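Me: I would like to go through this model term by term. Please set each value against its definition.

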Amino acid sequence: MAEKISYKSVFFNPLSKDNPVVVQILGICSALAVTAKLEPAIVMGLSVIAVLAFSNVIISLIRNTIPTNIRIIVQLVVVAGLVVIVNQLLLAYAYDVSKQLSVFIGLIITNCILMGRLEAFAMSNRPWPSFLDGVGNGLGYTIILVIVAFFRELLGSGTLFGCQVMPQWLYNHGYENNGLMILPPMALIVVACIIWVQRSYNKDLQDK
Amino acid sequence: MENLNLFIRSIFVDNMIFAYFLGMCSFLAVSKNVKTALGLGVAVTFMLVITLPINYLLETYVLKAGALAWLGEEYADVDLSFLSLIMFIAVIASMTQLVEMVVEKYSPSLYASLGIFLPLIAVNCAILGGSLFMQQRDFGSVWTAVCAGGGWGIGWLLAIVAIAAIRERVQSYSNVPAPLRGVGITFIITALMGIAFMSFLGIKL
Amino acid sequence: MNKQSSTYTIIYIIVLVVVVGAALAWVATALKPEQTKNANADKMKQILAAVHCAPANNTLVAETFDSRIKGIVIDEKGDIVDNAVAFDVNVADQSKEADTAKRLLPVYIYSDDETGTKYILPLYGQGLWGPIWGYIALDSDGSTVYGAYFSHQGETPGLGAEIEKPEFQERFVNKELFKDGEFLPVTVVKAGQRPQGNEDYVDGISGGTITSKGVASMLDNCLAPYKNYLEKLTNNND
């Protein structure tokens, strides 16, 4: 059975049709907190891709040795270990971003995408497809994060990656940055809009 | 007095759902009706009240830089803070299993209503988030940790029950555009509630 | 081997914990020097920001800091404490010490040819969500504010978090800590209001009331013990 899975669909499905954030509704917590600016959103996305891919591979490698009754704890320990490593790396090589992300790097551990993928995929598949699945889901998560952060930074601060992009003449004509956009609740509304757009095209995802 | 303020602030101002949006996964999955929402809310509160003080003690006496000084002079320089994440999650996961076993043994009726939620809780961001905020904010004593844990838990309970009640009504009485039905509209309701809860920011405590 | 037996489970978990623990300990030790370097550079950057000095990269920060800043530690009487290093004093712990006579008070003395000598004092307090901290730079008369820098851990973006914006920090420039010989730290009030005493004040942030109050009480709490030292500076200058 495991042999028959198409690698292509394993990798590409999570990007849109099976997106972890807007379709499976997993990993929302961190998606909201770190998306006020593009830069932390991208770093967060990359961290999740790394943790997801490697934890998928590790769990997939040891999947036949794990005693069932402590399955969840084993998964948590592996994930937590990887998150700590990512956190230490960020502290050493991207100090400013890691300061902005603060506790949310730690919260990757409880990101439901991780536990969801480990349970649903890595526990029953071989390492290579698990790796692809991890990267694919991580990318799906990152795409949503980047879209949300793009709108929030553009409309909320008039900048992208910290550089001013809203032209001055707009401000001269009375345009103002929308302060509401940088407050956390607006991230939810932006995600809701993405869901709205995606489900208008993809009718079979709609709730009855 | 200080702790009472913190307790009330944790419920309304620092609300885990409306101010930080933590624990959203189980929040969205379980807020379809009030009864199950209440069950999960109670379970989360319970776990926060138990794990926060344990993690506080662990942090102060084992993990923090210089925390091992009580073992003797030579341990004063040990800094185990890089282990804090993994220790916190280990405490949370093992407490969840422990509580599950105890409840199953001594109160089958409680287990029947609460049991299915317990495995969900180990991966609830609100619980780990509570411990991480505790670490970040440098709490003064165990009691502060207990009060904050209780407050965050009750705040979470309040939020999930409120949203579940609204969802029940929305489902039966309103005509939501098809693509927004289900999660979409829940996101928007939660965001609006979050904006409403921001008005608590100005409260002086 | 039976995978469901308790012995297997226990051995499994022990092996797992040892492997993960060892890996983490190795990573943490290997990256420690780099992390300490970053943390120090960040602190230096913040101190230099109080005197409007922003070197481009971490190497320049360290160079500028070493060449232009001399750190001393004083006590409440204004006397120099010999066996302490200003940069290593934990301001967070010191500011919580209720007995101000016991506090160690770091002073960073900045000097270059253009701006002259400035005295930079560290601050630490509580905002709405978590700690706030900063550095305030005084002219050589020990009273006029030359510049200020504030930062925070998790204040609300757009509201309390505005304290880290230059617009807010510029408001402190040219305020006086001494009024008619009396020591009154600058306070923060709601825009449009005036403080009860006659101390200098700046407008707070609208919507960030609790954070603004936190800044005011941080200034009170952290600057008060420096009174004697600053008075000496004022008198030397006359």
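Me: What makes the charges of chain B count as positive or negative, and how far apart are their mean positions?
Reply: Lys and Arg count as positive, Asp and Glu as negative; His and the chain ends are not counted. Each charge is placed at NZ of Lys, CZ of Arg, CG of Asp or CD of Glu. On that basis chain B has 10 positive and 11 negative charges, and their mean positions lie 21 Å apart. The model is predicted: local features need pLDDT of at least 70, side-chain atom pairs pLDDT 80 or more, while totals for chains, interfaces and linings use all residues. Side-chain values use heavy atoms, without hydrogens or water.

Me: How do you know how many helices and strands chain B has?
Reply: Helices are DSSP runs of H or I with at least four residues, strands are runs of E with at least two. Chain B comes to 9 helices and 0 strands.

Me: Why are residues of chain B called buried, and what percentage is it?
Reply: Buried means under 20% relative accessible area, with a 1.4 Å probe and protein chains only. Of 205 residues in chain B, 54% count as buried.

Me: What makes residues of chain A and chain B count as in contact, and how many are there?
Reply: Contact means heavy atoms within 4.5 Å. By that rule 39 residues of chain A touch 37 residues of chain B. C29(A), T110(A) and L188(A) supply 17% of the area that chain A buries against chain B, more than any other three residues. Buried area here is the accessible area (1.4 Å probe) that two parts lose on being put together, summed over both. For chain A and chain B that is about 3400 Å², 84% of it on carbon and sulfur atoms.

Me: How many salt bridges cross that interface?
Reply: A salt bridge needs a side-chain nitrogen of Lys or Arg within 4 Å of a carboxyl oxygen of Asp or Glu. Across the interface of chain A and chain B the rule finds 0.

How values were computed. Residues numbered from 1 in each chain as written. Chains lettered and ligands numbered in written order. Buried < 20%, exposed > 50% of the residue type's maximum accessible area, 1.4 Å probe, protein only.
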